Amino acid sequence: MHSLVRTLLLLLSFTLLPALPARAQLTIEIVGGAGTAVPISIVPFESEATWPLGITGIVGADLARSGLFRLVDYGGIVPRPARPEEVRVADWRARGADAVVVGSMRALTDGRVEVRFALVDATKSAVLASQVYTVTPAQFRATAHRIADVIYEKLTGAPGVFSTRIAYVTKQGPRFALQVADADGNDPQTIVSSNEPLLSPRWAPDGTRIAYVSLEQKKPVVYVQSLATGGRQAIANFRGSNSAPAWAPDGRTLAVTLTRDGGSQLYLMNADGSNVRRVTQSAAIDTEAYFMPDGQSLLFTSDRGGSPQIYRMSVGSGAVERITFEGGYNVTPRPLPDGKGMVFVRREGGRFQVATLDFATRQVQVLTQGPLDESPSVAPNGKMVIYANEQGGRGVLAAVSTDGRVRQRLSSTATDVREPAWGPLARP
Amino acid sequence: MRKLFLAAIATVFLAGCASQETQPEAPIDDKGAATAPAGGGTSTSGVGGAGVGGTSASGAVAGAGTGTSPLRDPANILSKRTVYFDFDSFVVKDEFRPLVEAHARYLVANRSARMTIQGNTDERGSREYNIALGQRRADAIKRMMTLLGAQEAQIETVSFGKEKPRNPGHEESAWAENRRGDILYAGE
C-alpha cells in the first residue's frame, strides 16, 4: 500500500510540476481497501513515451484510488501487447490479472493524437471494451479519466466518476475560497474568494453553475454563479438569513431556507430568483432541503418533533413524513442516486458520524467514526461519499464508499478545507 | 520525503497566491428587500481561464446618524452588545435582560434607529442547521425587544451559524463565547 501511495505521489509530481497551479491542491490517497479489488494490468500504450504526459499512468492512478482495483505489474512481458489480439491471456492469468488494458497512440498531421484502447477480460479471453479518441495533448488527462470511467463501468457495473469535478471551500489565513477541481484533485480553480465565510456549494444538475451561500454582505445570501463566465447573481437576498440552496433535478428550480417571514422555513424559487413560494408552514426549524432524484419530494431537517430529525415532503401535496427516529440528532440528508436511501449525519455519544439509511428497511449503517464529520456529498454513481472532518484542529476532507469498505484521505496544503460537493456525471 | 514534497509545493503555491486578485468589476444583482454592497473583499471568476466576471467592493455602509451617542459610552449599558446563550438553548438568560431592555428602550426613543442582531452557535453540528439555530437566538432577542415596544422594522435578525466564532478554540469555554447574539446598529 505504501508503494502505491509513493507511486501516486511520484505520478502526481511528474505530471503536475510542468504546469504547477498557484493554488493549494488536494492529493488523494487510499487509506482502506475493499478487500476484493479486481486485479488489473494497464500496459503502457504503444508510442505513449512520445508525449511527456502520458495516459496510462493517470488511468492506473484513477482505478487504484477507487479501492476497487489492484494494479498488476506488466514488466517482463515481451513484446508488450498494444492490440487485444496480441494479449496472450495465459501470461496475464499467470500473474493473477483478471483484466488487461492495452492501447496505442499515434500523432496525426494536424497535431492531434489518435488514442486507441481496449479492455480485455483475461479470464474469458474476451474484449470488454474498445474505443478510439482523437484528442489534443491538452486533453490527455481528460481522455485518461474517460478511459478509466469505461473500465470502471465494464468491471463494476456502475458508471465511473473519474471525469467528474468536486467543489470545496478552503480557508487560508483570513481568506475563504470556493474552488472547483477535477475529482482527482487536479487543476483546482478558485471561482469566488472572500474575507467572509463561504458555505454550502451545490452543483446545478448540468454542472454549469454552482449555488452557494456567502456571508460577504454580513448576512447569509444565496448566489448562483456560472462556471464558464464567473458571472453571478444573488438569487436570495431577503431580509433575514438566506441559506441552504438545493437544485431540483431539472436545474430550473431551487429550494432555499429563508427567514423573511420569521423562523427558518423552506421555499422554492426559480434559478433566477423569481417566483418565490413558501413550501413549509411550521413554527419549527425547517432547513437543509435536498431534492430526491425524481424531483417529486424533498428531504429536509426539522426540529418540529423536538429534536433535529430528517423528514420527507411531497412537493406536489406538501405531505410530510418523518424518516429518522433513532437518536436525538439526525441532519444533512443527501439522497442516493437510485432514490432508495440516503446519506446523513447523526450524533451518537457526542460524535458526529456519516451514515446511510435504507428507506425500505430503515436500516442504518454508520460509515465513519467522527468525531466531527459533516457535510457529506454523494458521488453521482452512488458509490462514494466525500465529507469534511477535522484533524488537529484543521478542516480536512475524506471519502468513504457507501458500503463502508473503501476509505480515502484528501490532503491539502491549504490551512483548512471544508464543504465538499461532488459534481454531476460529465456529459458524453 | 512526502512532507518535504508537500512543503515544497506549499511554498510554490503560496508564492503564487499573492498575485491573483485582479478582476474587473461586474454588477451584482440583488434580489429581495435588504440590499447591501458586496463586501468582504470578495472576487469571483470562471473556470478554464475563459470568462472573467467579478466584483470587489469595500463594505462602506452609510451611518444612521446616531451621533456621539450612549451607544459607544463604555459606562453605558448600551455599549454592551452581546447576549450569551446556554448549550442548545435560545432562551435569553436573566443576566442579559437589562442589556436587552436598554436597547429596546433606545429603539423606542429613537424611531429612526435600525439594528441587526447576528445569531451565532458553537462549532458542533451541521453548518446549515447551525445557521437556523443562530437565527433562532437572534429572533429570541428581537422578540423581547418588540414586546418592549421596539418596532419590527427597526430590527433585522440574521445568523452566521458557526461560521464566525469569537473564540476559535475547541473546548467548552470557547464554545460558550461562541453561542451568542451580537447587536449592531446601522452604520457600525
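**View 1. Packing of helix 2 (residues 56-65) of chain A against helix 4 (residues 140-156) of chain A, at an angle of about 45 degrees and with axes 8 Å apart.** Helix 2 of chain A is therefore oblique to helix 4 of chain A, a term for angles that are not under 35 degrees (roughly parallel), over 145 (roughly antiparallel) or 65 to 115 (roughly perpendicular). Axes are lines fitted to C-alpha atoms, for helices over the stretch in contact, and angles run from 0 to 180 degrees between N-to-C directions. Helices (H or I, at least four residues) and strands (E, at least two) are DSSP runs, numbered from the N terminus. The model is predicted: local features need pLDDT of at least 70, side-chain atom pairs count only at pLDDT 80 or more, and totals for chains, interfaces and linings use all residues. Residues are numbered from 1 along each chain as its sequence is written, and chains are lettered from A and ligands numbered from 1 in the order in which they are written.

**View 2. Residues joining helix 2 of chain A to helix 4 of chain A.** From helix 2, I58(A), V59(A), D62(A) and L63(A) meet R141(A), A144(A), H145(A), I147(A), A148(A), I151(A) and Y152(A) of helix 4; contact requires C-beta atoms, placed from the backbone, within 7 Å.

View 3. I117(B) is buried because 25 other C-beta atoms lie within 10 Å, the cut-off being 20 or more. Leaving aside residues up to four places away in sequence, I117(B) touches A138(B), I141(B), K142(B), I155(B), T157(B), G181(B) and I183(B). The C-alpha atoms of I117(B) and L184(B) are 6.3 Å apart, although 67 residues separate the two along the chain.

Notes:
Two residues are in contact if their C-beta atoms, placed from the backbone, lie within 7 Å. A residue is buried if 20 or more other C-beta atoms lie within 10 Å of its own, exposed if 12 or fewer, and partly exposed in between; C-beta atoms are placed from the backbone.
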